[in-house]
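User: I'm new to this structure and would like a close look at a single part of it. Could you pick one spot and walk me through its surroundings?

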Amino acid sequence: MVSAPARRELVRHMVSRGLSERRSLRVIGMSASALRYEPACDRNCALKEKIIALAQRHRRYGAGMIYLKLRQAGEIVNHKRVDRLYAQAGLQVKKRRRKKIPTSERHPLVRPTAANQVCSMDFVFDRTAEGRSIKNLTVVDDATHEAVAIVPQRALGGNQLVRILEQLANTRGLPKAIRTDNGKEFCSRAMLTWAHARGVQLFLIEPGKPNQNAYIESFNGRFMDECLNEHWFTSLAHARVIVEAWRREYNEERPKRSLGGLTPAAYAQRLMQNQLN
């Protein structure tokens, strides 16, 4: 449907071409009063500008607080009018989900020169045949690119994560630092307490910046493509067998171009020999 301003412009155009105004109005189907109508000045413009300015200055203020700030400044205005203009301007404050994330300095993604200096951790999800989810904890050594561990579980919280890290510490030793995203398991009280007690630094990437954890992201892509997408797991036990077999193959048999054509295990041995020499 053509708007009133467009219809007025069309009538004026027809008149300029020599057609009478009365004939033009009859053709368009518009009254003379509608043609000559001049919209009244919006008396809310000034108030709306003040509301927007206050909302931009106080980003977490709702309509009620904006109304009080206007009254505080001596503006005599009805709160319903403020509510309406506030909503029309789309200034509603979105409710934030409370999430406690421990503060951490951003650390550059520098490849370590020795094993067990920095490890990266993340989760990769899959499903078994009956549709139940599998949560795979992946742990990669940033220096050697070894898949230190891949642990498939139905669910995995902070306490279970700490137990897995303790088991790895008994067989491999603790890394000096662990790089993760801001997942609730990695930021849990159990994880933070454990890291502080064991003297392990936690490097947390910025939210929405997976490139800051590029080593584990690259590994997860290969793990998904070469293992998870290639197998149909009938059960969690079946998944554990297949995933562990793939992890050993990845470490001991799969050459990596970024390691000069060596496998991660062979590259780790070379690093160790270089340190001894």
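**A close look at Asp141**

A polar atom of the Asp141 side chain lies 2.9 Å from the backbone nitrogen of Ala143.

Where does Asp141 sit? It belongs to strand β2, which covers residues 133–141. Is Asp141 buried or exposed? Its relative accessible area is 0%, and a value under 20% counts as buried, so Asp141 is buried. Leaving aside residues up to four places away in sequence, Asp141 touches Ala115, Asn116, Val118, Cys119, Glu146, Val148 and Arg172.

Asn116 lies in the loop between α6 (79–88) and β1 (118–127). Like Asp141, which has a relative accessible area of 0%, Asn116 is buried, in its case with a value of 14%. Its backbone is worth a glance too: phi of Asn116 is near 65°, a positive value in a residue other than glycine. Most residues other than glycine have a negative phi.

Now turn to His145. This residue is found in the loop between β2 and β3 (147–153), and β2 is the strand that holds Asp141. Phi of His145 is near 65°, again positive although the residue is not glycine. His145 is buried as well, with a relative accessible area of 11%.

How far can you trust the picture? Across the chain, pLDDT averages 86, and 93% of the residues score at least 70. Residues 102–106 are another matter: pLDDT stays under 50 there, and the model has eight contacts for this stretch beyond four places in sequence. Where pLDDT is low, the predicted coordinates should not be read in detail.

Helix α1 (residues 4–16) packs against helix α2 (residues 21–28) at an angle of about 140°, and their axes are 9 Å apart. The two helices are therefore oblique to each other, and α1 passes α2 in a right-handed crossing. On the α1 side the contact is made by Arg7, Leu10, Val11, Met14 and Val15, and on the α2 side by Glu21, Ser24, Leu25, Val27 and Ile28.

How values were computed. Residues numbered from 1 in each chain as written. Predicted model: local features only at pLDDT ≥ 70, side-chain atom pairs only at ≥ 80, totals over all residues. Heavy atoms only, no water. Helix = DSSP H or I, 4+ residues; strand = E, 2+ residues; numbered from the N terminus. Buried < 20%, exposed > 50% of the residue type's maximum accessible area, 1.4 Å probe, protein only. Polar contact = N/O pair within 3.5 Å; in protein donor to acceptor, adjacent residues only side chain to side chain. Contact = heavy atoms within 4.5 Å. pLDDT = per-residue confidence, 0-100. Axes fitted to C-alpha atoms, helices over the stretch in contact; angles between N-to-C directions. Parallel < 35°, antiparallel > 145°, perpendicular 65-115°, else oblique. Left-handed = near helix turned anticlockwise from the far one by under 90°.
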